[in-house]
Amino acid sequence: MISRREREKDFKKQLIVEAANRLFSKRSFEAVTVEDIARAAEFGKGTLYQYFGSKEEIFSYALETVLNRLCASIEKECPADLTPRAALNNLITLNYRFYKKYGHLFPSLLRMKLDGSLNIGLYTEIETLIKRRTSLTAQVFERGIRDKVFIAADSYKLARLLNKLVIGLIFEGFEMKATDGNVEKDLELIKLIVSNGIILKGETNGRNANS
């Protein structure tokens with residue numbers, strides 16, 4: 001059983017992470033300071049260091065927290081007894097809303113990974129969770145392939161392609177400063193492309209009907 005002290009510690013860590021997330025959504029990781037995070041969380045800088053050793057550790061914990069939530073949501077909303085089509089629709093919605101809310105964290109993660117500034121020990125858990133998310137997505141495709149509902153293809157490649165499709169539309173929205181009013185239209189478009197499997201009208205079974 002978790003003690004009261006541990007619950008209070010987890011609660012304060014979440015307050016710090018939520019404050020950091022708000023700042024990271026407006027500014028890059030590099031532009032946010034530990035002092036900024038402490039001020040936003042309404043803690044002293046010394047108190048913040050009681051829970052995290054560095055800004056990188058706060059960032060990593062934030063990503064781990066939201067990725068864990070996403071994986072738990074996929075397991076809950078895409079169970080094995082749900083039809084593959086329904087599970088896929090839920091999967092698209094969950095991933096879209098995840099990146100809509102937390103997509104700002106990933107460009108910073110990529111920059112930190114490329115320049116080697118993120119401690120490998122901190123990145124390992126993030127990488128594990130990303131692989132878990134991909135595996136859960138692949139399982140949905142595997143069920144659909146097995147039931148002959150989805151195209152016969154590598155389930156992990158399909159999982160990664162779906163992820164790239166969602167990310168691409170989200171970041172296009174960031175660049176265009178899209179508003180939340182586009183959410184339902186974006187989801188409808190993604191589901192249309194995925195369900196049809198094609199973009200060109202008149203194309204069937206990989207061959208153009210006019211050829």
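Modeller: The questions below take up the fold, the core, some loop residues and a pocket.

Biologist: What kind of model is this, and how many helices and strands are there in the chain?

Modeller: This is a predicted model. The chain holds nine helices and two strands, and along the sequence they follow the pattern α-α-α-α-α-α-α-α-α-β-β.

Biologist: Which residues touch the most other members of the largest nonpolar core?

Modeller: Ile37 and Leu63 do, in a core of 56 residues. Membership requires a buried residue of a listed type, such as Ile or Leu, joined to others through side-chain atoms within 4.5 Å. Leaving out residues up to four places away in sequence, Ile37 touches Ile16, Ala19, Ala20, Leu23, Phe24, Val32, Leu48, Lys55 and Ile58.

Biologist: Which residues of H2 are buried, and what do the buried residues of H2 pack against?

Modeller: In H2, the buried residues are Val34, Asp36, Ile37, Ala38 and Ala41. They pack against helix H1 (4–24), H3 and H4.

Biologist: Why is Glu42 called exposed?

Modeller: A residue is exposed when its relative accessible area is over 50%. Glu42 has a relative accessible area of 72%, and it is therefore called exposed.

Biologist: Where is Lys148 found, and is Lys148 buried or exposed?

Modeller: Lys148 is found in the loop between H7 and H8. Lys148 counts as exposed because its relative accessibility is 74% and the cut-off is over 50%. Lys148 also has a positive phi of about 60°, although it is not a glycine.

Biologist: What makes Ala80 an exposed residue?

Modeller: The relative accessible area of Ala80 is 63%, and the term applies to values over 50%, so Ala80 is exposed. Ala80 lies in the loop between helix H4 (55–77) and helix H5 (84–102).

Biologist: How far apart are Ala80 and Gln139 in sequence and in space?

Modeller: Ala80 and Gln139 are 59 residues apart in sequence, and their C-alpha atoms are 8.8 Å apart in space. As for contacts across the chain, among those between residues at least 6 apart in sequence, 67% join residues at least 24 apart.

Biologist: How many residues line the second largest pocket, and how much space lies in the second largest pocket?

Modeller: The second largest pocket has 16 lining residues, and Phe106, Ile130, Arg133, Asn163 and Lys164 lie nearest its centre. About 450 Å³ of space lies in this pocket. Helix H6 (105–115), helix H7 (120–146) and helix H8 (155–175) are the elements that give two or more residues to the lining. The largest share, six residues, comes from H7.

Biologist: How do the residues of this lining divide into nonpolar, polar and charged?

Modeller: The lining of the second largest pocket has eight nonpolar, two polar and six charged residues.

Notes
Residues are numbered from 1 along each chain as its sequence is written. This is a predicted model: local features need pLDDT of at least 70, side-chain atom pairs count only at pLDDT 80 or more; totals for chains, interfaces and linings use all residues. Side-chain values use heavy atoms; hydrogens and water are left out. Buried means under 20% relative accessible area, exposed over 50%, partly exposed in between (1.4 Å probe, protein chains only). Contact means heavy atoms within 4.5 Å. Helices (H or I, at least four residues) and strands (E, at least two) are DSSP runs, numbered from the N terminus. On a 1 Å grid over the protein atoms alone, a cavity is a set of points where a 1.4 Å probe fits but cannot get out, and a pocket is an open set with protein on both sides within 12 Å along at least five of seven lines; lining residues have an atom within 4 Å of a point. Grid points are joined across faces, edges and corners, and a volume is the space filled by probe spheres set on the points. Ala, Val, Leu, Ile, Met, Phe, Trp, Tyr, Cys and Pro count as nonpolar, Asp, Glu, Lys and Arg as charged, and the others, Gly among them, as polar.
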